[in-house]
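I opened the notebook today to go through the surroundings of the ligands and then a single residue. I wanted to write down what I looked up, one entry at a time.

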Amino acid sequence: MATAAFETPRLRRYPVIPLVQAGAMSHLKPFVAAAPLQKALGFPETLVEDWQARAIAKMGELLGKYRSLQVYMDACVHCGACSDKCHYFLGTGDPRNMPVARQDLMRKVYRRYFTFAGKHFPKLVGAVDLTREVLDEWYSYFNQCSECRRCSVFCPYGIDTAEVTMAAREIMDSIGLGQKYSNEIIGKVHRIGNNLGIPGPALENTLEGLAEDTKDETGLDVRFPLDVKGAEVLLITPSADFFSEPHVESLIGYAKVFHAAGISWTLSSHASEAGNFGMFIGNYGQMQKISMRVREAALELGVKRIVVGECGHAWRVAYSFWNTLIGPFDFLDQRYPVPQHICEFTDDLIQRGALRFDKDANDARIITFHDSCNVARGSRMGGMPGGQFIIPRRIITSVANHFHDMAPHTILESTYCCGGGGGLLTDDLLELRVKGALPRMEALKDAVDEHGVNFMATICAICKAQFTKVLPYYGFDMSMVGGVHQLVSKAIRLGDK
Ligand code: SF4
Ligand code: SF4
């Protein structure tokens, strides 16, 4: 682990609201997207000369388009209920990371240009001009929000800071101030089909290698098919599943489930990515263009169902937006959910007794489950209220003997973000990622101390990558995190075994 230029927060026993440290994180800004990255997405290459006028015009456009944004700008009564709910505030103490303060960065500009009082008596209502200094604050603090929506759960008006952040990022992109990490990834998806930039032949090689490894392990021909026309299921999974540890263990788990159930499936080289960073930058055009590859692949391959792998924001985009962006899905088999989460798929087979497990195979693991934000607060699963919480836990307890939840205020709809979501999973924001993980690390430490937990399962590629990186900062082993289907893979019985 590289030496950090910041101090890792101390783990505490109970949730502690930190002392306020004004400006503690004002130095932190992600790298700005270079001109070619901006150009590739159709954004201005650098900050345009008349950026102020264009930003205000864009804000007006978004206020007209998204009624929710207008409501969020007007409805806040500054009650403070959200102020201690953000993991970035809890981890950094910077008051600008209180959700209400983050919103106010936009609200004070909104008041200046879009309200009567702000236009005529700005000082009276806390309205300010959109100066370069304000824009720099936007760039810093709207890139210190993982769009996790935890604050909105506690706001009496349901104000969603994530939507404010998305609007701010969309405005900044529109004037040529994009964030390198997200925009680079989006460009790779447009060019190659996935976030990691893995071309089709390399993907094919990797899948062949996985099939060989799985044959060595099981003695069976568990397939990892690519671009197979006429398969029943198209699996759309995060590209991290193809290469990264521990992600790949879940991909092996999905393959074993399909094998055990005797259901034909395929991956697609055209749509080899479930993730959709278009959501992180608040740009529905980009989100639609990325999603469209999924529709094209499904039609081209003639599949009957689409199943989505373990990825939090991908599931939110699929569940909440695909129908509007790339629907209708009338060409798919309507007897199944469209789309369907891999956990829903596996759980359904378990409930019908179609899979057999040796739960003891996971006995070395004492497991807890980290609810990922975009699944917990941005979607559902299984057609039942709370299905997104029930189903992953039901799978875990079907394949393992030892499971303990973390503290109630840190799970389900109150779950804490891993600290790396929303387009922040980049090393230029490592300080924020480590500090923002504090509340989850404290809850994990409790579970470790009380129950001996040694494995934290999750169903999000970003959570897996983020925890692998930050767990060692808090004295945990990086291999403590893994996927739900990693546990399935270990316990599932195939063939006669
Ligand atoms: S959406 Fe999440 S990261 Fe953003 S302000 Fe709210 S709690 Fe913080
Ligand atoms: S909880 Fe809602 S109303 Fe209260 S300060 Fe936060 S955003 Fe404003």
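The entries below take the ligands in turn and then the residue.

**Entry on ligand 1.** I began by noting that this is a predicted model. Looking around ligand 1, I found that 16 residues surround it, and that the closest are Cys86, Pro99, Cys145, Cys148 and Cys151. I then looked up which elements give two or more residues to this shell, and these are α5 (99-114), α8 (150-154) and α9 (161-174). Of these, α9 gives the most, with three residues. Sorting the shell around ligand 1 by class, I wrote down eight nonpolar, three polar and five charged residues.

**Entry on ligand 2.** I listed the residues that surround ligand 2, and they include Cys76, Cys79, Cys82 and Cys155, together with His78, Tyr157 and Ile159.

**Entry on Ser320.** I located Ser320 in helix α15, which covers residues 312-326. Is Ser320 buried, exposed or partly exposed? I recorded it as partly exposed, because Ser320 has 15 C-beta neighbours inside 10 Å, whereas a buried residue would need 20 or more and an exposed one 12 or fewer. Leaving aside residues up to four places away in sequence, Ser320 touches Gly378 and Ser379. Finally, I looked up Ser320 against Ser244, and the two are 76 residues apart in sequence and 27 Å apart in space, C-alpha to C-alpha.

Methods. Residues are numbered from 1 along each chain as its sequence is written. Chains are lettered from A and ligands numbered from 1 in the order in which they are written. This is a predicted model: local features need pLDDT of at least 70, side-chain atom pairs count only at pLDDT 80 or more; totals for chains, interfaces and linings use all residues. A residue is near a molecule or strand if its C-beta atom, placed from the backbone, lies within 6 Å of it. Helices (H or I, at least four residues) and strands (E, at least two) are DSSP runs, numbered from the N terminus. Ala, Val, Leu, Ile, Met, Phe, Trp, Tyr, Cys and Pro count as nonpolar, Asp, Glu, Lys and Arg as charged, and the others, Gly among them, as polar. Two residues are in contact if their C-beta atoms, placed from the backbone, lie within 7 Å.
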